[in-house]
Amino acid sequence: MELKHFCSQMELPASAGVLLQDHWNEILSAWDGKMPEFLTEDFLQKYLPFLQIPGDEAEIFARAKEVISLCAAHPPYAFYMFVVHYAALVLKLQPTGVFKSPVWGENEGIAALLIALSSAPLIAGNCRKRGIPEHYATDALQWIGGTVGIYKLGHNGIPGHTLAQTYVLGQHIAGEIYRIGRFEYLIHRLPEWMPLVFRNDDGVFAVLAAPGMKFDANGLVTLKDEAVESFIVENGDFITGIPCNVQGFARINERLTIDRREFKPVCSPWDIVPSIHIPGGLRMAWEDALASMKEAKEFFKRYYHREVPMFVCGSWILNPAMEKFAPNGNMARFRRECFALPMIRWGSEGRDGMFFAFGRRDVNPDEITPVNSVQKILREIFSSEKTLRTGAVFVLTGDLDRLGNMYYRTSCQVL
């Protein structure tokens with residue numbers, strides 16, 4: 001089939017052809033002309049329970065059968081599903097806004113969910129290759145369940161999945177991220193936004209803001225031009241910058257100089273420093289969060305043969321305002337138990353987290369009637385501060401056994 005004919009038949013935008021043109025021959029070679037395995041009821045029955053969405057499973061199964069029936073009656077539709085599967089999960093192309101076909105009607109999100117679910121055997125293959133127990137592969141599918149809730153918020157309660165989110169499953173297939181208990185852990189070295197974190201033999205911390213970040217008068221990251229910009233100056237064994245406190249604010253009116261002969265960095269350039277991703281779909285009790293981090297520490301030691309010195313996390317869930325507007329909630333508790341940090345802004349709209357909490361990001365939270373407690377809190381924050389922001393934390397893995405009583409807030413010393 002010619003690419004141009006394929007796009008016309010499925011009523012896809014011209015951008016789909018542009019995305020696929022360099023890969024079309026490979027896709028055609030991989031296509032065997034048969035109904036893909038993931039478009040069968042047996043496949044659904046095997047993998048759908050791992051999404052852990054009992055309230056939506058029956059409706060999703062019924063709607064998925066409609067999509068499967070359409071594919072059986074119209075072979076070009078089955079080919080389309082294979083193309084999107086191959087493009088998103090094998091070639092790891094980014095299909096944002098490209099594969100939007102009207103043929104599915106209100107089941108567009110179900111078609112995307114079937115694409116997401118098609119990742120299951122590929123994720124399991126990664127675990128087998130690395131000698132990792134296969135339950136970590138099926139645990140990864142809970143993330144898809146979390147996306148169903150997000151999709152429903154933006155689509156009048158109809159379940160589904162947003163295709164643009166599917167890249168996360170490509171990371172699972174590649175062994176770049178793992179679901180370990182409540183959290184997911186993305187494997188990388190220290191992110192650029194992380195402050196410089198030092199500690200001396202007495203356990204005292206020195207934390208200097210990453211260079212090039214802009215702070216407002218309260219020590220939070222801002223996008224305004226009249227901001228204070230952080231810096232790092234090195235002079236022999238001495239390093240100077242703007243210090244940060246354990247509550248996650250830059251102390252913009254102070255300058256801190258440390259002696260690197262006394263204060264050592266908590267991680268090396270070659271260390272793995274996984275970032276914690278917080279999937280939707282479940283509550284985030286502190287006990288579950290701590291258990292996840294402890295299991296992750298052992299996971300990387302056992303299966304990657306690496307001692308992980310720290311975990312980091314940057315998320316809209318860690319908005320500093322959570323401690324003011326929802327002090328007794330799980331999100332605020334997690335931030336208080338960890339060492340909080342200033343965090344870069346995602347985008348310029350001041351709507352960090354809108355997609356995950358509301359299923360859409362094209363409006364402000366005060367334009368939507370809240371339907372759950374998280375939406376209500378974000379609406380209150382936005383009404384008060386006129387912005388939503390992202391926060392961050394780190395945890396040293398050597399401190400995990402000390403956590404649970406706000407160790408970083410109450411016990412550790414910070415210059």
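A search of the whole structure, which is a predicted model, finds 1 cavity of 30 Å³ or more, where a cavity is a set of points on a 1 Å grid over the protein atoms alone at which a 1.4 Å probe fits but cannot get out. The largest cavity has a volume of about 40 Å³, a volume being the space filled by probe spheres set on the points, with grid points joined across faces, edges and corners. Residues are numbered from 1 along each chain as its sequence is written, and side-chain values use heavy atoms, with hydrogens and water left out. Local features need pLDDT of at least 70 and side-chain atom pairs count only at pLDDT 80 or more, while totals for chains, interfaces and linings use all residues.

**Cavity and pocket**

- The largest cavity is lined by L220, V221, G248, P320, L341, P342, M343, R389 and T390, lining residues being those with an atom within 4 Å of a point.
- This lining of the largest cavity divides into 6 nonpolar, 2 polar and 1 charged residues, where Ala, Val, Leu, Ile, Met, Phe, Trp, Tyr, Cys and Pro count as nonpolar, Asp, Glu, Lys and Arg as charged, and the others, Gly among them, as polar.
- The second largest pocket holds about 280 Å³ of space, a pocket being an open set of points with protein on both sides within 12 Å along at least five of seven lines.
- Of the 14 residues that line the second largest pocket, L190, L196, P265, C267 and P269 lie nearest its centre, and the lining comprises 11 nonpolar, 1 polar and 2 charged residues.
- Strand 3 (residues 196–199) gives the most to the lining of the second largest pocket, with 3 residues; strands (E, at least two residues) and helices (H or I, at least four) are DSSP runs numbered from the N terminus.

**Helix packing**

- The axes of helix 5 (residues 54–73) and helix 6 (residues 75–90) come within 4 Å and cross at roughly 120 degrees, the axes being lines fitted to C-alpha atoms over the stretch in contact and the angles running from 0 to 180 degrees between N-to-C directions.
- On the side of helix 5 the contact is made by L70, C71, A72 and A73, and on that of helix 6 by P75, Y77, A78 and M81, contact meaning heavy atoms within 4.5 Å.
- The residues of this contact of helix 5 with helix 6 divide into 8 nonpolar, no polar and no charged.
- Helix 7 (residues 108–117) is largely enclosed by the rest of the structure, because 9 of its 10 residues are buried, that is, under 20% relative accessible area, with exposed meaning over 50% and partly exposed in between (1.4 Å probe, protein chains only).
- The buried residues of helix 7 pack against helix 4 (41–47), helix 5, helix 6, helix 8 (120–130), helix 10 (142–154) and helix 11 (167–173).

**Nonpolar cores**

- In the largest nonpolar core, which has 139 residues, F6 and F334 touch the most other members; a nonpolar core is a set of buried Ala, Val, Leu, Ile, Met, Phe, Trp, Tyr and Cys residues joined through side-chain atoms within 4.5 Å.
- Helix 6 gives the most to this core, with 12 residues.
- Not counting residues up to four places away in sequence, F6 touches M1, L12, L20, W24, F79, Y80 and V83.

**Individual buried residues**

- L12 is found in the loop between helix 1 (3–9) and helix 2 (14–20), and it counts as buried at 10% relative accessibility.
- L12 and V103 are 91 residues apart in sequence and 9.9 Å apart in space, C-alpha to C-alpha.
- D56, which is found in helix 5, is buried with a relative accessible area of 13%, and it touches V148 and K152, not counting residues up to four places away in sequence.
- A340 has its place in strand 13 (residues 339–341) and is buried, with a relative accessible area of 0%.
- The C-alpha atoms of A340 and V393 are separated by 4.2 Å, although these residues are 53 residues apart along the chain.

**Positive phi values**

- Most residues other than glycine have a negative phi.
- K92, in the loop between helix 6 and helix 7, has a positive phi near 60 degrees and is partly exposed, with a relative accessible area of 38%.
- N156, in the loop between helix 10 and helix 11, has a positive phi near 55 degrees and counts as exposed at 81% relative accessibility.
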